[in-house]
Amino acid sequence: MTSDMPTRTGTGVHERDDGQAVLTGPALKLFDHIDELVKRWAATEGAEDYLFPVTLRGGDAYRMGYVESFPHLLTFPVAIDGTEENVRRFTARQTESGQFSLTDVRTRTPKHVLSHAACSHFYPLFGNSDVDGPRLLTTRSTCFRSEAQFVSLQRQRCFTMREVVCIGTAADTDKFLDHWHTRVDTLAKTLGLPMTIENATDPFFGDSENTKYIMQKVDPVKFEMMYADELAIGSLNNHRDYFGLRYDIRTAGETAHTACVAFGLERWIYAILDHAGPHASNWPDLRGLD
């Protein structure tokens with residue numbers, strides 16, 4: 001994998017200096033085709049599509065363990081207190097640098113976080129309920145993470161994730177993950193992408209000192225789709241009964257298990273352009289895949 005993207009001329013990729021990418025033309029069509037392919041696969045298996053807000057209630061972020069495990073990645077929708085004095089104090093302190101100063105400015109206490117993963121909205125939605133499993137769900141969401149550095153398409157402050165989720169018994173989620181492991185592996189081979197599926201761990205705060213990190217090392221439940229051995233462009237995740245216990249989700253008279261497969265759409269764009277080159281005529285046609 002090259003350290004920089006190939007020339008963007010004619011690709012429809014516009015890189016901003018803050019590490020974000022703007023897509024149009026061929027790149028946007030490719031983005032849509034990847035998303036539509038996964039959505040179509042999910043639909044043929046009976047998955048129901050959902051559209052969620054980009055915010056998650058703060059209480060849910062805490063309840064699902066995200067505040068404890070990933071505080072360093074949290075981002076918030078922040079607004080200043082709208083009183084005239086406070087607004088004037090805020091505007092008087094701003095400069096052309098675009099780096100907003102909130103020193104001595106009152107902000108409204110945030111009650112939400114910005115979504116960190118598309119699937120996070122499903123567990124509160126199905127909380128305190130009995131689910132006829134296996135229940136398949138899918139959604140596409142803009143996600144936000146506060147990383148140490150940002151690189152367009154590869155590691156962005158906000159990015160797009162398409163996920164497919166399974167709620168059911170342990171056997172249901174194991175079968176779901178095996179099936180999608182095969183689907184993803186076949187897709188990579190069809191596209192000619194040098195991609196492997198590898199054991200991985202989540203970026204827990206404190207890493208080696210975090211018991212959840214240690215548990216994932218001992219008993220892997222996360223597998224990443226690794227492009228060229230360097231960039232994770234998606235993942236398969238077995239949550240077991242973690243969210244079922246946290247949200248009292250039940251199936252077949254027992255605590256439900258959950259699992260998900262996630263596709264980072266901008267990263268798939270990166271992988272295809274990096275591998276196939278900048279000319280759209282050389283890019284794979286995903287519309288006919290099933």
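Me: Which residues does His257 touch, once those up to four places away in sequence are left out?

Reply: His257 touches Cys166, Ile167, Gly168, Thr169, Ala170, Thr173, Arg240 and Asp241, where contact means heavy atoms within 4.5 Å. This is a predicted model in which local features need pLDDT of at least 70 and side-chain atom pairs count only at pLDDT 80 or more, while totals for chains, interfaces and linings use all residues. Residues are numbered from 1 along each chain as its sequence is written, and side-chain values use heavy atoms, with hydrogens and water left out.

Me: Why is His257 called buried?

Reply: His257, which lies in strand 14 (residues 257-264), has a relative accessibility of 18% and therefore counts as buried, since that word means under 20% relative accessible area, whereas exposed means over 50% and partly exposed covers what lies in between (1.4 Å probe, protein chains only). Strands (E, at least two residues) and helices (H or I, at least four) are DSSP runs, numbered from the N terminus.

Me: What makes Arg157 partly exposed?

Reply: Arg157 has 42% relative accessibility and so counts as partly exposed. Its place is in the loop between strand 7 (135-144) and strand 8 (158-168), and, leaving aside neighbours within four places in sequence, Arg157 is in contact with Gln20, Cys143, Phe144, Arg145 and Phe150. The C-alpha atoms of Arg157 and Ser146 are separated by 6.2 Å, although these residues are 11 apart along the chain.

Me: How do you know whether Leu265 is buried or exposed?

Reply: The relative accessible area of Leu265 is 0%, so Leu265 is buried. Leu265 belongs to helix 9 (residues 265-276), and, not counting residues up to four places away in sequence, Leu265 touches Phe31, Ile34, Asp35, Arg140, Thr160 and Arg162.

Me: What makes Tyr227 and Tyr270 an edge-to-face pair?

Reply: Among the 12 aromatic pairs found in the whole structure, Tyr227 and Tyr270 have ring centres 6.5 Å apart and planes at 80°. Rings of Phe, Tyr and Trp (its six-membered ring) pair if their centres lie within 6.5 Å, with planes under 30 degrees apart counted as stacked, over 60 as edge-to-face and the rest as tilted. Tyr227 lies in strand 10 (residues 222-227) and Tyr270 in helix 9, so the pair ties together parts that are 43 residues apart in sequence, and both tyrosines are buried.

Me: Why is the pair of Phe263 and Trp268 called tilted?

Reply: The ring centres of Phe263 and Trp268 are 5.9 Å apart and their planes stand at 45°, so the pair is tilted. Phe263 is buried, with a relative accessible area of 1%, and Trp268 likewise counts as buried at 1% relative accessibility. Together with Trp41, Phe176 and Trp180, these two residues form one aromatic cluster.

Me: How do you know that the charged end of Arg183 sits over the ring of Trp180?

Reply: That charged end is 5.6 Å from the centre of the Trp180 ring, and a charge sits over a ring if NZ of Lys or CZ of Arg is within 6 Å of the ring centre and within 35 degrees of the ring normal.

Me: Which residues of helix 1 and helix 6 meet?

Reply: Leu37, Val38, Trp41, Ala42 and Thr44 in helix 1 meet Trp180, Arg183 and Leu187 in helix 6.
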